[in-house]
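This report walks through one protein model. Please keep the sequence and the coordinates open while reading.

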Amino acid sequence: MGHVRCADVRTRPTEVLDLTSLTVGEFVQLVQSCEAAFQAHMTHWRLDGKPRLARRYTTYQNCPLPTPEDRLLFLLVYLQTYPLPVVQGRLCGMGQSTAHQWIHVLLVGLRATLRALGDAPTRSLTALAKRLGVAEAEAAALVQSTAAPPLTSEPPTAAAPAPASPLLTTMAPNGASSAPRIRLSKRAVIAARKRATRSKTCG
């Protein structure tokens with residue numbers, strides 16, 4: 001299975017946009033800032049989340065994400081498509097546990113970068129209004145207009161009742177059968193069985 005590398009897709013603008021939601025130019029602008037934040041984080045922490053006490057971080061020879069571009073592409077593809085870590089790992093040549101570690105470490109760098117650039121998602125209407133340069137009521141109206149379902153002139157119709165399950169219909173209790181019943185005595189049943197057994201043996 002082939003691995004996704006930045007060098008393979010950066011000459012395909014449409015593919016970059018589909019994978020990351022960014023244009024090639026926007027992607028390039030983020031690379032250095034995200035890499036600086038990543039290196040700053042790895043100065044104090046290891047990839048497994050433990051404090052770094054000995055040697056400094058270096059990109060080892062067989063690293064599945066050897067370049068800053070590969071690291072950013074890896075994270076943006078994950079955020080855009082949101083696959084399972086095992087799928088993300090298969091796409092980029094690593095196991096599930098390693099992919100999980102890379103995702104969490106690179107998210108730290110991306111958040112720090114977006115905050116520094118002023119592009120981090122806002123968490124309140126006040127912050128959103130300040131960013132857009134509008135009144136808070138106007139920002140609230142913008143949020144509601146994007147979150148509300150489309151209005152229709154037709155009144156809502158009641159949901160149609162779900163059809164009865166065929167299995168339940170088949171297993172429903174039936175009324176009393178109108179077919180005539182043949183009453184046989186126990187002695188007659190035993191005699192009939194004996195005759196059937198003798199005929200099979202003789203035949």
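## The contacts of S21

Leaving aside neighbours within four places in sequence, S21 is in contact with V16, E26 and Q80. Contact means heavy atoms within 4.5 Å. The pair S21 and Q80 is 59 residues apart in sequence, yet 6.8 Å apart in space, C-alpha to C-alpha. S21 sits in the loop between α2 (13–20) and α3. Helices here are DSSP runs of H or I with at least four residues, strands are runs of E with at least two, and both are numbered from the N terminus.

S21 has a relative accessible area of 42%, so it is partly exposed. The classes are these: buried is under 20% relative accessible area, exposed is over 50%, and partly exposed is in between, with a 1.4 Å probe and protein chains only. The backbone of S21 also deserves a check: its phi is positive, about 70°, although S21 is not a glycine.

## Model and confidence

This is a predicted model, in which local features need pLDDT of at least 70 and side-chain atom pairs count only at pLDDT 80 or more, while totals for chains, interfaces and linings use all residues. Residues are numbered from 1 along each chain as its sequence is written, and side-chain values use heavy atoms, with hydrogens and water left out.

The mean pLDDT of the protein is 78, and 70% of its residues reach 70 or more. Over residues 165–172 the pLDDT is below 50, and this stretch has 1 contact in the model beyond near neighbours in sequence. The pLDDT value is the predictor's confidence in each residue, from 0 to 100.

## Overall architecture

The protein has 10 helices and 0 strands. Read along the sequence, the pattern is α-α-α-α-α-α-α-α-α-α. Take the contacts between residues at least 6 apart in sequence: 60% of them join residues at least 24 apart.

Of the 203 residues, 24% are buried. The protein exposes about 15,300 Å², and carbon and sulfur atoms supply 59% of that area. Accessible areas come from the Shrake-Rupley method with a 1.4 Å probe; for residues, only the protein chains shown count as cover.

## The nonpolar core

Which residues touch the most other members of the largest nonpolar core? They are L65, F74 and W102, in a core of 29 residues. At least two core residues come from each of α1 (6–9), α3 (24–44), α4 (68–81) and α6 (96–117). A nonpolar core is a set of buried Ala, Val, Leu, Ile, Met, Phe, Trp, Tyr and Cys residues joined through side-chain atoms within 4.5 Å. In soluble globular proteins, nonpolar side chains tend to be buried together.

Beyond four places in sequence, L65 is in contact with D70, R71, F74, C92, M94, W102 and L106. That list includes a charged residue, R71.

R71 is found in helix α4. Is R71 buried or exposed? R71 counts as buried because its relative accessibility is 4%. Not counting residues up to four places away, R71 touches E35, F38, Q39, Y57, T59, L65, P66, W102 and L106.

E35 forms a salt bridge with R71, the closest N and O atoms being 2.9 Å apart. E35 lies in helix α3 and R71 in helix α4, so the pair ties together parts that are 36 residues apart in sequence. Both E35 and R71 are buried. A salt bridge is a side-chain nitrogen of Lys or Arg within 4 Å of a carboxyl oxygen of Asp or Glu. By this rule the count is 3.

R12 pairs with E15 at 3.3 Å between the closest N and O atoms. R12 is partly exposed at 42%, and E15 is partly exposed at 31%. D48 pairs with R46 at 2.6 Å. D48 is partly exposed at 37%, and R46 is partly exposed at 33%.

## Surface features

L84, V86 and V87 form a nonpolar surface patch with about 250 Å² of accessible area together. Patches are made of residues with over 30% relative accessible area and no salt bridge; like charges are joined within 9 Å, nonpolar side chains (Val, Leu, Ile, Met, Phe, Trp, Tyr) within 5 Å. V86 is found in helix α5 (residues 85–91). V86 counts as partly exposed, at 37% relative accessibility.

Y82 is found in the loop between α4 and α5. Its relative accessible area is 60%, so Y82 is exposed. Phi of Y82 is near 50°, a positive value in a residue other than glycine.
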